Amino acid sequence: MNENLNVEQNNTSIKKAVKKVNIEQESSNLLTNNVIIEGFEPYFIDTNFSLYLGDCLSLLKRIPDNSINVIFADPPYFLSGGGITCSSGKMVSVNKASWDTQMHIQEIHSFNKDWLSECQRILKKDGTIWISGTFHNIYSVGLGLQELGYKILNNITWYKSNPPPNLSCRYFTHSTETILWASKNKKSKHYFNYAFMKELNNGKQMRDVWEFPVINKKEKIHGKHPTQKPKKLLERIILASSEEGDVILDPFNGSGTTGIAANELKRKYIGIDITEEYLDITIKRFNNIQHSFL
Ligand SMILES: C[S@@+](CC[C@H](N)C(=O)[O-])C[C@H]1O[C@@H](n2cnc3c(N)ncnc32)[C@H](O)[C@@H]1O
């Protein structure tokens, strides 16, 4: 791959040196090797790493068919309904942000079907998608996957070893999230790094219950995102389902956990988010990693 770096001034509000990379475009493929979405100015771009500000549905529509190896999506759970929860030992509102406000289940399902459908179109024929959620949204996501003809491969349970207590004492302590893994369709021959997963699990087949603590504060030093995922979770997902050089996309980038893990593991990355401040956190995180993939 020939790459000529031309550093030029970025005219967005963020003062960034943008490295524009001229590389051969894949034939009949608008998405270049350097993860550019044709027709949209990236919010931030570096070699094999790009961020787009906007509604993912509009942006996904501009990505060519069959061009992405792996998608990780952590969509709104729609759980912000005015309740309370416990954070760092304090009682706080459960409300995360306006994008997470509770909606009628039909509206949630229609939203999920729309972006899942675009994701299916852009996945390569053997590509896979991972979606995280809780009971607030995951049944809609699962139904959407089935209605669209994806093949569900696994139902991963992320077991949180140190969940916050349930302050109301009217429910069991919430200590899990679900991550669904699915391939584009029933014919897909998906990639699974079985041997490495087994090695990670001390030589035993890895199961679908993964134990990780909730996010450590140290991972939030570049800014706070209300639903940031632990990087270790994304590392496992990326290592299990992709190879070096593959293109990973996250339509709900947030603070960029997927992108940071992807870059460190030598994968290409496209992140999309509707909230500018979260992309700014991502850029700070990106600028503080050791770029082994430049
Ligand atoms: C659950 S968070 C993702 C957190 C991320 N996994 C992380 O580790 O930081 C969901 C994100 O989706 C974004 N979002 C909500 N609706 C969106 C839309 N229609 N298009 C793009 N992004 C959207 C929000 O701004 C939020 O950052």
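User: Is the crossing in which helix 6 passes helix 7 left-handed or right-handed?
Analyst: In this predicted model, helix 6 passes helix 7 in a right-handed crossing.

User: Why are helix 6 and helix 7 called roughly parallel to each other?
Analyst: The axes of helix 6 and helix 7 (residues 276-287) cross at roughly 20 degrees and come within 9 Å. Angles under 35 degrees count as roughly parallel, and helix 6 and helix 7 are therefore roughly parallel to each other. Their contact is made by Gly 259, Ile 260 and Asn 263 of helix 6 and by Thr 282, Arg 285 and Phe 286 of helix 7. By class, this contact has two nonpolar, three polar and one charged residues.

User: What makes helix 5 and helix 6 oblique to each other?
Analyst: Helix 5 (residues 231-241) and helix 6 (residues 257-264) pack at an angle of about 55 degrees, their axes lying 9 Å apart. Roughly parallel needs an angle under 35 degrees, and roughly perpendicular begins at 65. The pair is therefore oblique. Helix 5 passes helix 6 in a right-handed crossing.

User: Which residues bring helix 5 and helix 6 into contact?
Analyst: From helix 5 come Lys 231, Leu 234, Glu 235 and Ile 238, which meet Thr 257, Thr 258, Ile 260, Ala 261 and Ala 262 of helix 6. Five nonpolar, two polar and two charged residues make up the contact of helix 5 with helix 6.

User: Which strands does helix 2 lie across?
Analyst: Helix 2 lies across strand 5 (68-73) and strand 8 (123-133), and runs at about 150 degrees to strand 8.

User: What makes strand 3 and strand 11 edge strands of the sheet?
Analyst: Nine strands form an open sheet of mixed pairing, in the order 3-4-13-12-5-8-10-9-11. Strand 3 (44-46) and strand 11 (209-212) each pair on one side only. From one strand to the next, the twist averages 15 degrees.

User: How do you know that strand 3 and strand 4 pair?
Analyst: Pairing requires at least two bridges. Strand 3 and strand 4 (residues 49-53) have three bridges, in the antiparallel sense. Asp 46 stands opposite Phe 49 in strand 4.

User: What surrounds the ligand?
Analyst: There are 18 residues around the ligand, and the closest are Asp 74, Phe 252, Gly 254, Ser 255 and Thr 257. By class, the shell around the ligand has seven nonpolar, seven polar and four charged residues.

Notes. Residues numbered from 1 in each chain as written. Predicted model: local features only at pLDDT ≥ 70, side-chain atom pairs only at ≥ 80, totals over all residues. Near = placed C-beta within 6 Å. Nonpolar A, V, L, I, M, F, W, Y, C, P; charged D, E, K, R; others polar. Helix = DSSP H or I, 4+ residues; strand = E, 2+ residues; numbered from the N terminus. Axes fitted to C-alpha atoms, helices over the stretch in contact; angles between N-to-C directions. Contact = placed C-beta atoms within 7 Å. Parallel < 35°, antiparallel > 145°, perpendicular 65-115°, else oblique. Left-handed = near helix turned anticlockwise from the far one by under 90°.
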